[in-house]
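Please read each point beside the displayed model.

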Amino acid sequence: MLLLLSIRSTRWSDPRVETGSTRGSKVVSSPITTRMQAILQKDMVREFLAEFMSTYVMMVFGLGSVAHMVLGNRFGSYLGVNLGFGFGVTMGVHVAGNISGAHMNAAVTFTNCALGRMSWKKFPVYILAAIIEFSGGHLAVTGPTATANIFATYLPDRLTLWMGFLDEVIVTGILQLCLFAITDKENNPALQGTQALVIGVLIIVIGVSLGMNTGYAMNPSRDLPPRFFTYIAGWGIQVFRVRDWWWVPVVAPLLGAYLGGIIYLVFIGSSITQRPQTLENSMVYEDRRIPVLPKTMQIPSMTSSLTPVSVSPANRPLAQTVPPLSDPIHLEHF
């Protein structure tokens, strides 16, 4: 036994054996590691993973707060849902804001692509990242014991289908308009480093003021993937059949976000772009005006007052020293 232990200890402590095994493992794993690092360094892959993680973080906090309200009467509230989704979005922006922009919303991605702020080739990547994470007693969809509304939104009885559609369009339009304002560097954006918090507060404000009617989905990525999850998990086909509501949180936010972005660009963005141009031009004219004045004033300081001054054409100051009236300097004077 002692001989066997000594042989084993000698073998484990033999540097040649360790070096050989380590060197062999490096040879095998090095190409794989290098290839994985090369793949993960690609911008499209990094943006995909960032959107995936930010959406996951947002849904954990948001849907968790809904579960507290539905399942625990003493532990949850409607205000808690708004706070959960609001600060869930804040955390999601911190997770991926500097990598992918942390859209976490197919409607926001669609609007940025439609308005030329983002390439269309990134659209399926962002959408897939938001959907892929959800691929996988009696479970009621409606009624007092319904639990499907933990994951997706459902139209209340007091509203018609088209009233709910209009509500989602308006709410998502306000969301996109405010997002453009918060991130517009030419206007009055949020302070550097506070964008995530301000966006979270925006979600909370929308929830407490406009969320009662339809649950303010505002986001196909927030509603459709969890609905598929409930269908697979046991709630059944009713999650798609109840009042035919399932398509509204997918279509209405896309339309609302696009309209909200257009409204901001037309009413606010079109006027902002002219202001810096006017200020810059005025500063240029101001700088150009300073050296012009001394050149136009020809003071014969070296000539005595008793010395006759000839006014022959040869001694007259050149008229070319005065800029033409079309010059913006003199137009500004007048």
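1. The crossing of helix 4 and helix 8 is right-handed (a crossing is right-handed if the near helix is turned clockwise from the far one by less than a right angle, and left-handed if anticlockwise). On the helix 4 side, the contact (heavy atoms within 4.5 Å) involves Tyr78, Leu79, Asn82, Leu83, Phe85, Gly86, Phe87, Val89, Thr90, Val93 and His94. Helix 8 contributes Ala196, Leu197, Ile199, Gly200, Ile203, Ile204, Gly207 and Val208. This contact comprises 13 nonpolar, 6 polar and no charged residues (Ala, Val, Leu, Ile, Met, Phe, Trp, Tyr, Cys and Pro count as nonpolar, Asp, Glu, Lys and Arg as charged, and the others, Gly among them, as polar).

2. The model is predicted: local features need pLDDT of at least 70, side-chain atom pairs count only at pLDDT 80 or more, and totals for chains, interfaces and linings use all residues. Residues are numbered from 1 along each chain as its sequence is written, and side-chain values use heavy atoms, with hydrogens and water left out.

3. Helices are DSSP runs (H or I, at least four residues) numbered from the N terminus.

4. Helix 4 also packs against helix 3 (residues 43-71): their axes come within 8 Å and cross at roughly 165°. Helix 3 is therefore roughly antiparallel to helix 4, and passes it in a right-handed crossing. Among the residues that meet are Met53, Phe61 and Met69 of helix 3 and Tyr78, Phe85 and Val89 of helix 4. The contact has 15 nonpolar, 7 polar and no charged residues.

5. How do helix 5 and helix 7 cross, left-handed or right-handed? Their crossing is right-handed. The axes of helix 5 (residues 106-114) and helix 7 (residues 161-183) come within 11 Å, at roughly 60°, which makes helix 5 oblique to helix 7. Ala107, Val108, Thr111 and Asn112 of helix 5 touch Thr172, Gln176, Leu179 and Phe180 of helix 7. By class, this contact has 4 nonpolar, 4 polar and no charged residues.

Terms used:
Helix = DSSP H or I, 4+ residues; strand = E, 2+ residues; numbered from the N terminus. Axes fitted to C-alpha atoms, helices over the stretch in contact; angles between N-to-C directions. Parallel < 35°, antiparallel > 145°, perpendicular 65-115°, else oblique.
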